[in-house]
Amino acid sequence: MSPLTNLEEGKSSTIKEIDNNMQRAERRRLLDLGIYPGVSIRNCFNSASGGSKAYEVLGTVIALRKEQAEKIYLRES
Amino acid sequence: MSTDIKTESFKRKQLKKLGLKFDNWDYMVALAGNPNTGKSTVFNALTGLRQHTGNWPGKTVSRAEGAFDYKNNRFKLVDLPGTYSLLSTSEDEEIARNFILFGQPDVTVIVVDATRLERNLNLTLQILEITNKVVICLNLMDEAKRKGIEIDITALSEELGVPVIDTVARYEKGFDELLSSIHEVAAGNTNIETSPDIEIPKELKIPVNDLVKDMEELYPELPNKKWLAIRLLEGDKRIEEALCSGELLDLNKSFNQPHLNLDEELKLLNSTEANHD
Amino acid sequence: MINQDSSQNLLEKANSFRSNLPESVHDIYVENLFRKAAVITSNVLSKNKVRAIKDEKIDRILTSRLWGFPAMIGLFTLVIWLTIIGANYPSSMLATLLIDNTYPLLKEWTTIWPWWLSGLLIDGMYLATAWVISVMLPPMAIFFPMFTLLEDLGYLPRVAFNLDGLFKKAGAHGKQSLSMMMGFGCNAAGIISTRIIDSPRERLIAIITNNFSLCNGRWPTIIILSSLFVGALAPAWFAGFATALAVVGIALFGVFLTFVASWMLNKTVLKGETSTFSLELPPYRSPRILKTLYTSLIDRTIFVLWRAIIFALPAGAVIWLSSNILIGDVSIAVHAINYLDPIGWFIGLNGVILVAYIVAIPANEIVIPTILMLTVLSTNIAGVGSGAGIMFEPEDIGTINEVLNAGGWTLLTAISVMFFSLMHNPCSTTIYTIYKETKSLKWTALSSLLPIGFGVIFLLVLAFIWRLFT
């Protein structure tokens with residue numbers, strides 16, 4: 001399965017699932033931000049110091065750290 | 001700034017901005033919404049206060065309160081922290097949810113960003129599960145127009161079962177309609193239809209139906225039984241406590257009574273946190 | 001009537017159901033709710049044009065590896081430079097009005113009062129307050145509105161985003177950069193804003209390190225000393241800019257210390273998992289400039305100024321009293337200065353500076369006037385100042401130089417004071433705020449002592465190396 005970290009800059013995809021090993025609270029926080037299976041996500045740009053990237057979900061640009069993005073899997077296009 | 005929008009006249013005869021004078025109020029209005037939807041702009045325009053909030057989530061951790069007078073009714077306006085949802089993943093969400101449930105607002109105005117409707121409806125639907133005394137303030141309509149977004153207001157109102165008013169808060173556009181709608185819902189003159197139905201996962205169906213049935217027998221007056229059942233099944237400590245102490249039942253008996261203010265809510269929150277340590 | 005038993009039964013029933021339910025079921029319910037939102041949206045919304053991507057073009061530059069940091073430092077320097085340049089003229093106007101004109105008038109009107117009463121009220125309290133107003137008001141009235149404009153534009157979350165990689169390496173929360181930014185205005189406000197950090201461990205790190213953000217009470221000290229000692233080294237046309245660079249350098253060193261201290265705390269007393277970071281980067285919105293200026297002037301500038309005045313009044317009284325109450329032949333102030341002088345020497349400072357920092361615990365704004373007054377007092381230089389315990393406005397920068405030279409100041413002293421300004425105990429309001437937020441004496445003590453510990457060690461090393469080479 002392809003993790004969100006593989007998504008090229010400027011490209012969109014659909015979230016397939018969130019890693020089952022992710023802690024519940026962390027999962028909830030992603031859900032809170034509107035990051036859940038079925039939703040479309042786009043890689044917008046990188047941070048100057050690296051480590052985190054900005055993604056667009058439901059019209060809002062949200063910064064996520066690499067550790068989170070690795071646990072979000074995308075639908076194969 | 002686009003030139004086609006003119007600032008609407010401040011001289012709205014029926015509105016008096018009362019600032020911090022909120023001692024004797026007839027109706028309490030809660031202001032909820034996502035971060036960056038213009039919530040503070042609505043708050044400031046109605047109360048005449050100058051609440052400044054930065055545009056990042058969580059900056060308004062404390063609440064703001066203010067008041068206005070509309071058609072000789074005094075309204076107390078409570079600005080809740082801007083949140084994406086009410087899942088209680090943070091202190092703001094806990095405060096917002098508890099206020100909507102226990103603070104007993106007569107109306108909850110949800111400020112919705114028209115340019116990000118779906119995201120904002122996530123919160124809206126969660127609030128509608130708790131209360132249907134809601135007015136939707138569909139804000140940033142000018143920005144939506146510029147982005148080529150068109151929203152069928154009547155259809156949205158029908159889908160949600162509550163009034164939807166389109167506004168441009170920066171220029172106080174649509175505020176006459178917003179105020180009259182708030183007044184109507186507060187006074188109980190609006191027919192609120194049923195809220196949208198959310199599909200319950202199959203594992204939850206039997207437990208939820210069972211608990212709702214019990215509640216119907218025990219506390220028929222509770223308005224949001226399905227939501228409460230789900231909260232209990234998730235082990236929501238605050239709700240369990242409110243059920244045992246009878247607080248939940250009192251809510252529906254004493255309208256227009258100041259019950260718990262946010263400070264008390266906060267204290268409660270802190271004390272429950274302290275208990276966990 | 002509440003039926004306790006029936007509530008209890010209901011709860012027990014829910015609990016027994018819960019034990020058989022997979023935890024994920026609640027998330028699925030929320031997902032269903034979100035899907036309903038998606039369905040409603042598609043039913044009522046139609047879109048004509050393509051989404052504007054102007055924001056993203058700006059962000060690609062402002063957060064890029066190449067331009068992210070230079071843009072940040074550049075913007076910051078510009079704001080400081082405009083503050084320095086813009087504040088000069090109104091500052092001297094206020095000083096002329098409050099000190100050169102009003103002060104002699106007040107003294108004249110009160111000649112019939114006993115000397116100690118007019119001394120305490122006018123030479124002590126009035127002058128301290130007048131100094132604070134003339135030095136503080138103009139820079140704040142320029143700095144805060146500009147800062148608020150950057151905030152309203154939506155730039156600050158981008159700064160947080162840019163710095164996140166560094167905060168992550170330090171084991172801190174990404175949102176700590178937001179509380180750090182708030183601290184540049186006021187540390188007490190910065191500490192309150194750490195409430196946005198959910199994890200108690202990371203919130204404590206943010207609270208303890210917030211004092212490394214140079215607050216507005218300390219900007220004037222750094223700005224004045226930079227113009228005197230750093231700006232003076234540069235050619236005239238470059239002086240303003242060199243001053244701004246030195247000020248920004250100190251502020252950035254504070255940011256660096258924030259990372260170092262966070263990392264240290266993370267490795268020692270506040271060990272734990274770094275929690276995840278998610279932050280909305282809001283769309284850029286053109287601020288309503290006039291409204292923003294008005295709001296930040298009224299809410300921020302006046303608020304901070306009021307606080308400074310409230311603390312300057314008693315501090316002025318303390319300075320006057322300590323310079324006029326004698327024990328033996330000399331005043332309390334001189335006793336204290338002589339006592340602290342040897343200690344100060346080791347860290348590149350002197351007794352006067354240490355006494356000034358003690359007097360200024362309630363409000364850092366009055367450090368420079370106190371230093372000047374105490375220097376005059378302890379060195380007895382003639383022709384400057386107006387007498388024991390009287391804060392004066394030096395007519396021009398030359399006078400300050402003259403006073404400091406008489407006090408034995410060198411470039412090392414100036415640099416040491418600038419760094420000490422950055423690394424010393426928080427002001428009393430901030431300490432009180434830390435206590436209110438943490439409800440713990442232990443964390444309050446650590447937050448107050450850690451920065452001064454950093455300062456003493458840094459200055460010991462600096463003074464040692466400096467003296468080795470000069």
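## Where chain A meets chain C

In this predicted model, 27 residues of chain A are in contact with 27 residues of chain C (contact: C-beta atoms, placed from the backbone, within 7 Å). On the chain A side, at least two residues each come from α1 (24-32), β3 (40-46), β4, β5 and α2 (66-69), and β5(A) gives the most, with six residues. Helices (H or I, at least four residues) and strands (E, at least two) are DSSP runs, numbered from the N terminus. By class, this side of chain A divides into twelve nonpolar, nine polar and six charged residues; Ala, Val, Leu, Ile, Met, Phe, Trp, Tyr, Cys and Pro count as nonpolar, Asp, Glu, Lys and Arg as charged, and the others, Gly among them, as polar.

β5(A) also pairs with a strand of chain C: four bridges join β5(A) to β2 (residues 278-281) of chain C, and the two run antiparallel. Strands pair if DSSP finds at least two bridges between them. Within this pairing, Ala63(A) has Leu279(C) as its bridge partner.

A word on conventions: residues are numbered from 1 along each chain as its sequence is written, while chains are lettered from A and ligands numbered from 1 in the order in which they are written. Local features need pLDDT of at least 70, side-chain atom pairs count only at pLDDT 80 or more, and totals for chains, interfaces and linings use all residues.

## Where chain B meets chain C

Here 51 residues of chain B are in contact with 50 residues of chain C. The chain B elements that give two or more residues to this side are α3 (117-130), β7 (149-151), α5, α7 (202-218), α8 (225-234) and α9 (237-245). This side of chain B has 27 nonpolar, eleven polar and 13 charged residues.

β7(B) and β1 (residues 45-47) of chain C pair in the antiparallel sense over three bridges, and Ile149(B) has Lys47(C) as its bridge partner.

## The sheet of chain B

Seven strands of chain B form an open sheet with mixed pairing, in the order β1-β3-β4-β2-β5-β6-β8. Its edges are β1 (15-19) and β8 (164-166), each of which pairs on one side only. On average, neighbouring strands are turned by 25° against each other, direction ignored.

Helix α5 (residues 153-160) of chain B lies across β6 (134-139) and β8, running at about 150° to β8(B). Helix α1 (residues 39-47) of chain B has nine of its nine residues buried, so it is largely enclosed by the rest of the structure. A residue is buried if 20 or more other C-beta atoms lie within 10 Å of its own, exposed if 12 or fewer, and partly exposed in between. Among the buried residues of α1(B) are Lys39(B), Phe43(B) and Leu46(B). The helix is followed by Gly48(B), whose phi is positive, near 80°.

## Two leucines with positive phi

Most residues other than glycine have a negative phi. Leu58(A), however, has a positive phi of about 50°. It lies in the loop between β4 (52-57) and β5 (60-65) of chain A, and counts as buried because it has 23 C-beta neighbours inside 10 Å.

Leu140(B) has a positive phi as well, of about 60°. Its place is the loop between β6 and α4 (141-146) of chain B, and with 27 C-beta neighbours inside 10 Å, Leu140(B) also counts as buried.

## Chain C and its helix pair

Chain C has 19 helices and four strands. Its C-alpha atoms fill a box of roughly 85 × 60 × 55 Å along the principal axes, and buried residues make up 49% of its 470 residues. Among contacts between residues at least 6 apart in sequence, 74% join residues at least 24 apart.

Helices α4 (residues 68-109) and α5 (residues 115-153) of chain C pack at an angle of about 160°, with their axes 8 Å apart. Axes are lines fitted to C-alpha atoms, for helices over the stretch in contact, and angles run from 0 to 180 degrees between N-to-C directions. The two helices are therefore roughly antiparallel (angles over 145 degrees; under 35 is roughly parallel, 65 to 115 roughly perpendicular and the rest oblique). Their contact has 23 nonpolar, five polar and one charged residues.

Key. Two residues are in contact if their C-beta atoms, placed from the backbone, lie within 7 Å.
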